[in-house]
Amino acid sequence: MLKTLLRDSRALGVLAIPLILTQLAQVALTTTDTVMMGLLGTTELAAGGLAIVIFNQIRTMGVGLLTSVGNRIAAAAARAERSADENEGSSGGEQAPDEVRSIVRASMAVATLAGLAGAVLMILIGQALTWLGQDADVVDLTQTMLFALAPGLLPCLWFQAVRQFTVGMRRPQALLQITIASIAVNAGLNWILIHGTFGLPRLGLTGVGIATSTVYLLSFLALYLSAKKDKELAPLLTLDITKADAATVKRLVGLGIPIAATYGSEAGFFSITALMAGSFGPDALAAHTAVNQLVYIVFQVAVGLSHAASINVSRELALGNHDDARRLKNTALACAAAVMAVVGLLYLTIPKLILAPFLDSGSDQALTIATHLLIVTAFLQFFDCAQNIGVGLLRGLDDTKSGFRITLIGYWAVGLPASWLLAYALDLNTLGIWLGLLTGLATTAVLLLRRYSHSLTRHEQTHAAPAVA
């Protein structure tokens, strides 16, 4: 049993570790922008932060539309391998590579449409800010920043489409190198464009937006060129969206919309809890923000494991290996539990050291609240990680609608009411909010993992295992 778990963990880690490190590197990328904006002043930080919130919300929804691409690629590639084994020496394996190329073209078409529509939506939201009671100076800067960020959404989503292709083909290694390099390029461009060095005009906050859009374009080109140098990937990578199959595009959009809605729902859930924390004063909001950022950083481990498990489930089901798909759930959860246990132990033993980067210069009251929240977080992160893995496992079954419905129940029908009851009715304040979050995430995790087990059993009953050649 232990030997099997270790073997499965290694197989999962080959894909998960590069994805986890890539996610963490992306967090560093956004942190660099925040630091640079903070150096410009309070108004610039407020405006830039608001623009990035708008951009990230739309970008996240666009990424959700493309997330199922990796699963479709993995399944098609697995069918190609099986066909090659069963038809050795014949041309029977050619259909699946054609399917991969069709998915790649369709994903680029979806990315293009979503990028254009999202860019227009960003500008319109910026124009509407004047009607939402925001400070006039902040609105002016935010609108300018959004104009600079909007063009970057298109290459950002192109990058995601190619990323899903490389991950689906289980060759994601270049992602990490490119993302790490983008951090350095982004920091350099920020400095140059903000301050107008090398004879360039001094652009201030707008320079941050232009730098971000430029980095997205360069990252896409770097990933595309890297994939074209790969002998396995190059023949399958085609960007001609004019030949995109309408049925494949429709299929990707049908799978992607529930994922995009799930991402949006989760973001909205945590945004409301931030507003609730703010109702208890600035100390409570500062503590909530600091702990939430810690959760966000550690959450990237869950994202990497979830995506890797999802891709491997799609692959194993395409090969007819239902037992391996069933074990993947336990392997991913075991790996997540090991990481969360180490992190939780740090939260419980050295909370002040963990919180120092965020609250070292803040009030003692904020630090006390955050320390209490870390105790809850030490347990909450197990469920947060498990529910994200559950969503990924269901995505491996091409079941994106169930994940969306269950997260609605867990977040909005259980988590939010529990947070309100514990925070206000039982007078637990910010601690009550986080206990409610824990309740909602635990409910979501249990329902998602239960759904996966039942759906996998039904899939096994309706799909006969392929004959062994």
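Q: What share of the contacts in the protein with a separation of 6 or more comes from residues 24 or more positions apart?

A: First the idea: contact means heavy atoms within 4.5 Å. Here, residues 24 or more positions apart account for 82% of the contacts with a separation of 6 or more. A word on the model before we go on: it is predicted, so local features need pLDDT of at least 70 and side-chain atom pairs count only at pLDDT 80 or more, while totals for chains, interfaces and linings use all residues. Residues are numbered from 1 along each chain as its sequence is written, and side-chain values use heavy atoms, with hydrogens and water left out.

Q: How many helices and strands does the protein have?

A: Helices (H or I, at least four residues) and strands (E, at least two) are DSSP runs, numbered from the N terminus. In this case there are 14 helices and zero strands. The radius of gyration, taken over C-alpha atoms, can be set against the globule rule, 2.2 Å times the number of residues to the power 0.38. For this protein the radius is 23 Å, close to the 23 Å that the rule gives for 469 residues, so it is as compact as a globular protein of that length. Along the principal axes, the C-alpha atoms fill a box of roughly 70 × 55 × 35 Å.

Q: What percentage of the 469 residues is buried?

A: Buried means under 20% relative accessible area, exposed over 50%, and partly exposed in between (1.4 Å probe, protein chains only). Buried residues make up 52% of the 469 here.

Q: How do I read an aromatic pair, and how many are there?

A: A pair of aromatic rings is described by the distance of the centres and the angle of the planes. Rings of Phe, Tyr and Trp (its six-membered ring) pair if their centres lie within 6.5 Å; planes under 30 degrees apart count as stacked, over 60 as edge-to-face and the rest as tilted. By this rule the count comes to eight. One of them is Trp158 with Phe220, a tilted pair at 5.4 Å centre to centre and 50° between the planes. Trp158 sits in helix α5 (residues 136-168) and Phe220 in helix α7 (residues 205-228), so the pair ties together parts that are 62 residues apart in sequence. Trp158 is partly exposed at 22% relative accessible area, whereas Phe220 is buried at 6%. Elsewhere, Phe269, Phe270, Tyr411 and Trp412 form one aromatic cluster.

Q: Which residues does Ser219 touch, leaving out those up to four places away in sequence?

A: Ser219 is found in helix α7 and counts as buried at 10% relative accessibility. With those sequence neighbours set aside, Ser219 touches Phe159, Ile178 and Ser182.

Q: Is Thr262 buried or exposed?

A: Buried, with a relative accessible area of 5%. Thr262 belongs to helix α8 (residues 246-278). Beyond its neighbours within four places in sequence, Thr262 is in contact with Gly403, Phe404 and Thr407. Thr262 and Thr214, 48 residues apart in sequence, are 29 Å apart in space, C-alpha to C-alpha.

Q: Where does Arg170 lie, and what is its phi?

A: Arg170 lies in the loop between α5 and α6 (173-195). Its phi is positive, about 60°, although Arg170 is not a glycine. Arg170 is partly exposed at 40% relative accessibility. Asp398 is another non-glycine residue with a positive phi, near 65°, in the loop between α12 (364-396) and α13 (400-425). Asp398 counts as partly exposed, at 25%.
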